[in-house]
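The structure is shown first.

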Amino acid sequence: AKSKACSYTYRAIAMVHIEDDARAQELPENFSEGWETHRLGSKSEVSDDSGDEHLYNTDHESDFGDYEPVNGRPGGCNTRPLSQRVEKLVLDLREKQEIFKKRRRDIAQSVSRGIRKEFLQQQERLVMRSKQMAKKLQSGRSRAWRHKWVFALVEADFALTAWWLGASPQTFHLYYTVQMAVVMCAKVFDYRITEQHYFLLDFCFFANACTLAWLWIAPTSGYLFNAVESFCGVLALSVPLFRNSCVPHDFARISNAYVHYPQVLLVLSMLWSCANGDQSAQCVGIAAGIRESWSIRLFQAWSVYMTWAVCYASVIFVFARKRIERKRRDTLYGYFAHTLGMKDKLPGWLRQYSGVVFMMGHQTLFISGVGFIVLPFTIQVIATLLAVMVFFHNGGRFYVDHFWKAHERNTVLYLDAANTMMTKASKEGSHSSLDQESKGTDDSPPRNDL
């Protein structure tokens, strides 16, 4: 096919340059094979007739001189220059590269879409499972199960605390450490879930952290012991002021009490143990703290309190203020200012300084309880017993009020239901009697007036 195409090509070119139709007809059928014979004969005829051999040869050579011979023949089928062939190969290669890149992008996009779809499906499954778990945990049966277990654990803790204080008060700090570790971890988890983690900056958590630091980091520090003992007054006053209640089934209420009264019990147990001949490192710190004058002890306690006050005010009112307002996080200041409405009760000119008023009020509470460190041990025990009695009284009032309100509500519902049933029964009875009367009237025989 290639040879035939080339013969047709040469025939067309020869016919363009040969002006005589008769001479063009004398060209052999196989132009490629009789090329040389025909070329020589044509040259001789032209030379004899016109004598323009030089002109014909020059024109003919110029027409065919740009073609490269193939297989020993001039003007072969490969009529394109080498540069054009190279350019075409380069273009073909680039086109194939583009096709390959496009296919690779399509494959990558399809794979990425598949991975993204799978990831979104996994997220949807996780969200669905979390919603199902939250719904299950919020159900009445789940809450009842949690309340039963919390109640049992709290009652066991009460019994174990009482036994430990009486059996081995010098080692009660070990139980207190484990107790606070559990309570702190539980409060961190609870506040994180409920997005109330700014409550972890409250003074009660700081006081327990200082107590643990004194027990295990600096037990011989009289400075730190004076601060820890002064904190007992604030924590004991917080029980009646914040209405800490002995509600064993409710983790939120009982945990709020756990960060107040156990620290006081610990300090009293350590004072009792050291007064009865205990030689632990904590007793060295207690002796060093008690040797100071009452004014020095008060100043040391107040300085540690001010450390907390500066940190708390800096976070709540300066560094995290905008974040708290934007995300509407609850804080102790927000509880007093907005929930209890204390800010609205202030004079108009003082409301813009409500944060300062809150900090001054908290410091007043601390100063009210800091005198705990100068009280005799017997008075300290009595004050602690009063705080514990208020704690149990608040719990009893909670349960009595709850059951009384529940009983009253159930009684009202029962009376309403009974009244509704009686009314419905009376209406049905009246309708049935009327039906019977009407039926009896219809069934009576016709009266004969005659």
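## Basis and overall make-up

This is a predicted model, in which local features need pLDDT of at least 70, side-chain atom pairs count only at pLDDT 80 or more, and totals for chains, interfaces and linings use all residues. Residues are numbered from 1 along each chain as its sequence is written, and side-chain values use heavy atoms, with hydrogens and water left out.

The protein chain has 18 helices and 0 strands; helices (H or I, at least four residues) and strands (E, at least two) are DSSP runs numbered from the N terminus. Of its 450 residues, 31% count as buried. Buried means under 20% relative accessible area, exposed over 50%, and partly exposed in between (1.4 Å probe, protein chains only). Among contacts (heavy atoms within 4.5 Å) with a separation of 6 or more, 68% are between residues 24 or more positions apart.

## Helix H12 and its cover

Helix H12 spans residues 281–290, and its buried residues are Gln282, Cys283, Gly285, Ile286, Ala288 and Gly289. The elements covering these buried residues include helix H8 (203–216), helix H9 (222–241), helix H11 (261–275) and helix H13 (294–319).

The axes of H11 and H12 come within 10 Å and cross at roughly 95 degrees. H11 is therefore roughly perpendicular to H12, a class that takes in angles of 65 to 115 degrees, while those under 35 count as roughly parallel, those over 145 as roughly antiparallel and the rest as oblique. Axes here are lines fitted to C-alpha atoms, for helices over the stretch in contact, and angles run from 0 to 180 degrees between N-to-C directions. Met270, Leu271 and Cys274 of H11 make the contact with Gln282, Cys283 and Ile286 of H12. By class, the contact of H11 with H12 has 5 nonpolar, 1 polar and no charged residues; Ala, Val, Leu, Ile, Met, Phe, Trp, Tyr, Cys and Pro count as nonpolar, Asp, Glu, Lys and Arg as charged, and the others, Gly among them, as polar.

His362 lies in helix H17 (residues 354–369). His362 counts as buried because its relative accessibility is 11%. Not counting residues up to four places away in sequence, His362 touches Phe203, Tyr305, Trp308 and Leu332.

Tyr399 belongs to helix H18 (residues 377–443). Leaving aside neighbours within four places in sequence, Tyr399 is in contact with Phe151, Cys246, Val247, Pro248 and His249. Its C-alpha atom is separated by 7.8 Å from that of Val247, which is 152 residues apart along the chain. The side chains of Tyr399 and His249 are joined by a polar contact of 2.7 Å. A polar contact is a pair of N or O atoms within 3.5 Å; within protein, one must be able to donate a hydrogen and the other to accept it, and residues adjacent in sequence count only if both atoms are side-chain atoms.

## Aromatic pairs

Rings of Phe, Tyr and Trp (its six-membered ring) pair if their centres lie within 6.5 Å; planes under 30 degrees apart count as stacked, over 60 as edge-to-face and the rest as tilted. By this rule there are 32 aromatic pairs. One of them joins Trp163 and Trp164, edge-to-face, at 6.2 Å centre to centre with 75 degrees between the planes. Trp163 is exposed at 56% relative accessibility, and Trp164 is partly exposed at 21%.

The pair of Phe317 and Tyr333 is edge-to-face because the planes are at 80 degrees, with ring centres 5.0 Å apart. This pair links distant parts of the chain, with Phe317 in helix H13 and Tyr333 in helix H15 (residues 332–339), 16 residues apart. Phe317 is partly exposed, with a relative accessible area of 22%, whereas Tyr333 counts as buried at 14% relative accessibility.
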